[in-house]
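Today I am opening my notebook on a new structure. I will jot down what I look up as I go.

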Amino acid sequence: MGLLSQGTPLAWPESRKLNEHVRDNGVLQLISCYNAAKERANDPFLWGDEIEYQMIRIDDEKKIAQLALDESEVLINLGAEGKDHLRAVKNDVLFHPEYGRFMLEATPLRPYDGRKLSDYIYVEKNMAIRRDVARKEMTDREVYPVTMTAFPTMGCPNFTYPEAEPNGRASQSLFLPDEIINKHVRFPTLTANIRKRRGQKVDINVPLYRDEYTDMDHLDSTIPKRDLFPSDKEPFQGAAKPGYIYMDSMGFGMGCCCLQVTMQPPDIYQARYVYDAFVNIAPALLSLTSATPFFRGHLADQDVRWNVISGAVDDRTPVERGVPALEGHNPRGGAADDVKLQRIPKSRYDSVDQYLGDLQPSHVNGSANGHANGHANGFSKELPDGTAINESPEIYHYYDPSLNDMKTPINKKVYKELRKNGFDHQLATHFAHLYVRDPLVIFTEKIDQDNGAETDHFENIQSTNWQTLRFKPPIQEAVPGNNNTPGWRVEIRPMEISITDFENAAYSVFTMLLARAVLKYKPNTYISMSKVEQNMEVAHQRDSTTNGKFVFRVNSFHGQDQPGQYVELSLDQIFNGYDGFEGLIPVTRQYVSETFPATTEKDKEDLDKIDAYFKLVSERASGRIPSTAKYLRDFALSHPDYKHDSIVSDRMNYDIVKLMARLDNYDHKLLPKFFGDELSDWLVKHGY
Ligand code: ADP
Ligand code: MG
Ligand code: MG
Ligand code: MG
Ligand code: MG
Ligand code: MG
């Protein structure tokens, strides 16, 4: 996340009165940014990653591992405005606060230059420095920053250090104390306002892994019967389901760690094109990086964090979700009486709903890069919600509006305002969809803003729409030629965090080189949005990495104008290729060999490392080595303490954390099983 505003946040009943104010002004801010930056061209391909850590206190005497709540100050001090900022700068790294008080986010100080081979090699080194600086900053020497998606026993008795009671007013959770929430007022307010807008607590039900003695028939007996808040009744009114792991608080989702990468394509057109190209690569990346087999002390029958975060911030009222309210709850949740509610199919944290459209710059009218098949024929006659529109058609390259087949709701007022101000249909639709949401946290000090110079109202809505991809517009200062401020960026957000820096670097570097290959070869990867939706579901299935079938458009990266075909492919076929498709790794390899000639010894060494990164992606996709989720699940299933009842004990949790801490140190004994013999040998030979 970016910088945190200081100030006084409004509680929901006050905040909701300003919903329209924030949206109206947010849109004006967006328009001023768009007008300033739309003509930017030839921006350098810069990029950067974000790594998140859980700060875990390991007690080797008691053999327990707990989430550490007392280290957050130090790390905020290392952030852009902190008092130890210079120490971070000296190390070329930057730290950012996250939702959890036990969490930490770190990025490179400056973005990498995607045109330089050496910068792709520097990524892993920078990640290692971040881990090292963070570890050294811990005041408690037993606390380690671990790149783990979800803490296995989060929400079980005494899972924090120091221990805290789950009795907080912000979340009202039966499992998570409010003390796990970042101390900055934004975060408890966000937690409370989501709950209040929704009209009840969030409820997340993850399918339980079925083992010999797993109780699939009764409500989980570890759900406390408490009488502190009226919401305590909710799990017994139908919010919790037998056979599922029930979670009731934002922290279960926003307490998960992930890997994100942001890139800056040369201009808005190429940003839109590469965004669209990754829409259907996103579910494959989620599956490839699967790392989350445990939630709230249970083994789950899925491998990823995504739907848990989605549920954890789902502020939709029952009417918006299209479900009956729990007994005694208002179907309109915390919406004001005079607000018209519409059906909204998905949470604000979910997969992309809208293609941006690969609009062609007007001066080349569909003939960019020598393809002359720009077409205006597929122009949609209606808005995503079914309303007819009557506007002149736009010229797209591959995109056809019928691909946006999800009937996504939009904010019509916003759509009209954007169209009036020069936004094309797809771009206006994208933002008008984000603007069906309410702002969740408003600071009194930030109500009145200069729309020509500020972007807080715009960002308020933009940054609380958490999709698999984020299209990041520049600010008003980003006029053509001003390279001191970023241009149009695309963020890739589906990936799970991996245990080692080697893996996190491999996935970051691979996705960015793939993006470069996409921008160079211009393949047509479009499939209908409903199929992307289906792929997201597949990515959630246990062992989807090896068994999942994903709908993919097999269209040559080099024979651009073929229509392409939808085929169901395994991750192996998508990444490694087969006789019907080149494969994402081979085309990325080709891009690398065309772009970075092995001239010097240093180049050769660097390319050998890139090769090791490709190897990791390839081996995971093929199933020759286990996904992180499978590796961890198998470890739990064969743990001497495990009773074949799908329960993760404190001792199992400790051993899982220890295992991960040994792996992130590249313990040679563990490498062959985790990475396979070939990569393990490579790592050992290269001094890991
Ligand atoms: P957020 O949490 O909103 O995604 P962060 O600041 O945490 O934002 O991370 C943004 C990432 O984008 C960082 O890795 C940063 O290095 C990178 N970045 C910064 N400027 C640019 C740029 N001009 N182009 C591409 N990436 C950039
Ligand atoms: Mg983050
Ligand atoms: Mg961030
Ligand atoms: Mg963020
Ligand atoms: Mg408390
Ligand atoms: Mg980010």
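I looked up helix H6 to see how it sits: 12 of its 13 residues are buried, so the rest of the structure largely encloses it. Buried here means that 20 or more other C-beta atoms, placed from the backbone, lie within 10 Å of a residue's own. Helices are DSSP runs of H or I with at least four residues, strands are runs of E with at least two, and both are numbered from the N terminus.

A note on the source: this is a predicted model, where local features need pLDDT of at least 70, side-chain atom pairs count only at pLDDT 80 or more, and totals for chains, interfaces and linings use all residues. Residues are numbered from 1 along each chain as its sequence is written, while chains are lettered from A and ligands numbered from 1 in the order in which they are written.

Back to H6: among its buried residues I found Phe187, Leu190 and Ile194. What covers the buried residues includes helix H1 (12-15) and helix H7 (250-254); contact means C-beta atoms, placed from the backbone, within 7 Å. Just after H6, glycine 199 has a positive phi of about 90 degrees.

Next I turned to ligand 1. Which strand gives the most to the shell around ligand 1? I found that S1 does, with five residues. The shell holds 18 residues, and Gly48 and Pro111 are among the closest; a residue is near if its C-beta atom, placed from the backbone, lies within 6 Å.

Last, I checked histidine 397, which is buried, with 23 other C-beta atoms within 10 Å.

Terms used:
Two residues are in contact if their C-beta atoms, placed from the backbone, lie within 7 Å.
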